[in-house]
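Me: I'd like to go through this one label by label. Can you tell me what stands behind each term as we go?

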Amino acid sequence: MVKRLVSGVLGLLFATGMWMSGSAAEEPGQRVYEDHCMQCHGAEGRGGGKGPRLLPFLWSYEKALEMLRYPKCDMPPIPESEVSDADVAQIRAYLKTIK
């Protein structure tokens with residue numbers, strides 16, 4: 001009985017840890033995207049706002065950084081003081097995960 005209880009508790013702890021680590025790996029880019037991009041590009045980059053659809057996201061990090069800092073469209077430039085280069089990398093990584 002005790003052995004089954006311990007096994008059950010360990011299994012639950014393992015499953016909880018896997019769930020938390022999986023969602024934590026995706027959250028930073030998603031959170032940054034939602035804070036800075038979603039208003040114009042819609043949920044998950046699917047469009048629907050003022051800005052165009054971003055999916056499938058094919059830009060390199062360098063291209064994404066260039067388009068954010070020096071856009072060639074109606075999008076206002078976003079300075080590093082507002083969205084850091086590391087944030088751009090996180091946003092790009094998040095958008096690349098969306099199918």
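This is a predicted model: local features need pLDDT of at least 70, side-chain atom pairs count only at pLDDT 80 or more; totals for chains, interfaces and linings use all residues.

Reply: Residues are numbered from 1 along each chain as its sequence is written, and side-chain values use heavy atoms, with hydrogens and water left out.

Me: How do you know how many helices and strands the protein has?
Reply: Helices are DSSP runs of H or I with at least four residues, and strands are runs of E with at least two, numbered from the N terminus. On that basis there are four helices and zero strands, and the order from the N terminus is α-α-α-α.

Me: What makes a residue buried, partly exposed or exposed?
Reply: Buried means under 20% relative accessible area, exposed means over 50%, and partly exposed is in between, with a 1.4 Å probe and protein chains only. In this protein, buried residues make up 26% of the 99 residues. Lysine 99, in the segment after α4, has 84% relative accessibility, so it counts as exposed.

Me: What is called the largest nonpolar core here, and how many residues does it have?
Reply: A nonpolar core is a set of buried Ala, Val, Leu, Ile, Met, Phe, Trp, Tyr and Cys residues joined through side-chain atoms within 4.5 Å. The largest such set has 16 residues, and those with the most contacts inside it are Tyr33, Phe57, Val83, Val88, Ile91 and Leu95. Two or more residues each come from α1 (2–36), α3 (61–69) and α4 (85–97). The largest share, four residues, belongs to α4.

Me: Which residues count as contacts of valine 88, leaving aside its neighbours within four places in sequence?
Reply: Contact means heavy atoms within 4.5 Å. With those neighbours left aside, valine 88 touches Tyr61, Ala64, Leu65, Leu68, Arg69 and Val83. Across the protein, among contacts with a separation of 6 or more, 46% are between residues 24 or more positions apart.

Me: How do you know where the buried residues of α4 lie around the helix?
Reply: They are Asp87, Val88, Ile91, Tyr94 and Leu95. Seen down the axis of α4, these residues fall within an arc of 125°, so they line one face of the helix. The arc is that of the directions from the helix axis to the C-beta atoms. As for α3, Ala64, Leu65, Met67, Leu68 and Arg69 are buried, and the buried residues of α3 pack against α4.

Me: What span is expected for α4, and what does it reach?
Reply: The expected span of a helix is 1.5 Å times one less than its number of residues. With 13 residues, α4 reaches 19 Å from its first C-alpha to its last, close to the 18 Å expected.

Me: Why is the pair of arginine 69 and aspartate 85 called a salt bridge?
Reply: The term needs a side-chain nitrogen of Lys or Arg within 4 Å of a carboxyl oxygen of Asp or Glu. In this pair the closest N and O atoms are 2.7 Å apart, and it is a salt bridge. Arginine 69 lies in helix α3 and aspartate 85 in helix α4, so the pair ties together parts that are 16 residues apart in sequence. Arginine 69 has a relative accessible area of 13%, so it is buried, whereas aspartate 85, at 27%, is partly exposed.

Me: Which other pairs pass that test?
Reply: The whole structure has three salt bridges. One of them joins glutamate 66 and lysine 72, with the closest N and O atoms 2.7 Å apart. Glutamate 66 is partly exposed at 33%, and lysine 72 is exposed at 60%. Another joins the side chains of arginine 46 and glutamate 44, at 3.0 Å from N to O. Arginine 46 has a relative accessible area of 34%, so it is partly exposed.

Me: What is marked about the backbone at glutamate 44?
Reply: Its phi is near 55°, a positive value in a residue other than glycine. Glutamate 44 sits in the loop between α2 and α3.

Me: Where is the cis peptide bond, and what is its omega?
Reply: The bond joins leucine 55 and proline 56, and omega is about -5°. Proline 56 is in the loop between α2 (38–41) and α3.
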